Amino acid sequence: FVNALYNIVDRIFIGQGVGSGALSGLSIIFPIMLIIMAFGMLFGVGTGVQISIALGERNIQKAEKTLGSGFLMMILVSIFIAAVAFVIKTPLLKAFGATPETMEYAQDYLNIILAGTLFQVVGFSLNNVIRAEGNARIAMYSMLISAGINVILDPIFIFGFGLGVKGAAYATIISMFVMCIWVVLHFVQKRSTVALRLRYIRIDWKVIATIVAIGMAPFAMQLASSLVQGILNTQLIRFGGDIAVAANGILM
């Protein structure tokens, strides 16, 4: 529910303050954000489950090695996703239903979101790991803090600074950045069950293969959701235009 608030709050303020064209542009971005979150699930769920198993075996070293390898992959994959998306963003947006009227709004929002891909993937993934190690309350707090910051910053950036769609994106990325720092600090301080140790932040292909195998199911489900939403947007554009996409964005 809290995760959904990021999009809900952005749509409320954009719809009220900028207009239906901007709202349609944000709805076009939604499938791309689902793809980014899919990679967060791939490594967040996979790493979390592996750590839970290791803790069940009372093997702290195995859990910390898993965390180290998973953390490094979160960073590397985030950079890769952002780089590829920047290269293909225009055809990607067109494929997901962007029109000449909404392309500028979609580009403005996507550019900022892609710049903060690292914060989104690492923050979301490590929050799953916090939950997996038994600290569900801390995981809940991190989501609430991040969403709360987004709610506060949205009207300030959109209306106060007059940034419009860019303001919504800045608010989202700053809130994601705060969550990313919060969860990383959790694992480098003494409050965590499993510590993030520098010597374990390395590529261990055996560990990574297991993480990917476990995380593949939620990853595939999230990609499927992105595909469905993308197809829906293109058909709404075809039969109803930008207003229909904006209306669907509200319903989502």
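**Pockets, cavities and helix packing**

User: What classes of residue does the lining of the largest pocket have?
Analyst: The lining of the largest pocket has 14 nonpolar, six polar and one charged residues. Nonpolar here covers Ala, Val, Leu, Ile, Met, Phe, Trp, Tyr, Cys and Pro, charged covers Asp, Glu, Lys and Arg, and the others, Gly among them, are polar. This is a predicted model, in which local features need pLDDT of at least 70, side-chain atom pairs count only at pLDDT 80 or more, and totals for chains, interfaces and linings use all residues. Residues are numbered from 1 along each chain as its sequence is written, and side-chain values use heavy atoms, with hydrogens and water left out.

User: What is the pLDDT of the protein?
Analyst: The mean pLDDT (the predictor's confidence in each residue, from 0 to 100) is 93 for the protein, and 100% of its residues reach 70 or more. Helices are DSSP runs of H or I with at least four residues, numbered from the N terminus.

User: Why is a space called a pocket and not a cavity?
Analyst: On a 1 Å grid over the protein atoms alone, a cavity is a set of points where a 1.4 Å probe fits but cannot get out, whereas a pocket is an open set with protein on both sides within 12 Å along at least five of seven lines; lining residues have an atom within 4 Å of a point. The largest pocket has a volume of about 400 Å³, a volume being the space filled by probe spheres set on the points, which are joined across faces, edges and corners.

User: Which residues and elements line the largest pocket?
Analyst: There are 21 lining residues, and N3, A4, N7, F30 and L34 lie nearest the centre of the largest pocket. Two or more lining residues come from each of helix 1 (2-17), helix 2 (20-56), helix 5 (117-132), helix 7 (165-188) and helix 9 (242-251). Helix 1 gives the most, with seven residues.

User: What makes up the lining of the second largest pocket?
Analyst: The second largest pocket holds about 160 Å³ of space and is lined by I32, I35, I36, F39, F80, I81, V84, A85, I88 and L92. Helix 2 and helix 3 (60-95) are the elements that give two or more residues to the lining of the second largest pocket. The largest share, six residues, is from helix 3. By class, the lining has ten nonpolar, no polar and no charged residues.

User: How many cavities does a search of the whole structure find?
Analyst: The search finds two cavities of 30 Å³ or more. The largest cavity, with a volume of about 40 Å³, is lined by N7, D10, R11, L26, F30, M33 and Y109. Helix 1 and helix 2 are the elements that give two or more residues to that lining. It divides into four nonpolar, one polar and two charged residues. The second largest cavity, with a volume of about 30 Å³, has K65, S69, Y200, R202 and D204 as its lining. That lining has one nonpolar, one polar and three charged residues.

User: Why is helix 2 called roughly parallel to helix 5?
Analyst: The axes of helix 2 and helix 5 come within 8 Å and cross at roughly 30 degrees. That makes helix 2 roughly parallel to helix 5, because angles under 35 degrees count as roughly parallel, over 145 as roughly antiparallel, 65 to 115 as roughly perpendicular and the rest as oblique. The axes are lines fitted to C-alpha atoms, for helices over the stretch in contact, and angles run from 0 to 180 degrees between N-to-C directions. The contact has twelve nonpolar, nine polar and no charged residues.

User: What makes helix 2 roughly antiparallel to helix 8?
Analyst: Helix 2 and helix 8 (residues 205-240) pack at about 170 degrees, with axes 7 Å apart. The angle therefore puts helix 2 roughly antiparallel to helix 8. Their contact residues comprise 20 nonpolar, twelve polar and no charged.

User: What is the angle between helix 4 and helix 7?
Analyst: The axes of helix 4 (residues 103-115) and helix 7 come within 8 Å and cross at roughly 20 degrees. So helix 4 is roughly parallel to helix 7.

User: Which hand does the crossing of helix 2 and helix 5 have?
Analyst: The crossing of helix 2 and helix 5 is right-handed. A crossing is left-handed if the near helix is turned anticlockwise from the far one by less than a right angle, and right-handed if clockwise. Helix 2 and helix 8 also make a right-handed crossing, and helix 4 passes helix 7 in a right-handed crossing.
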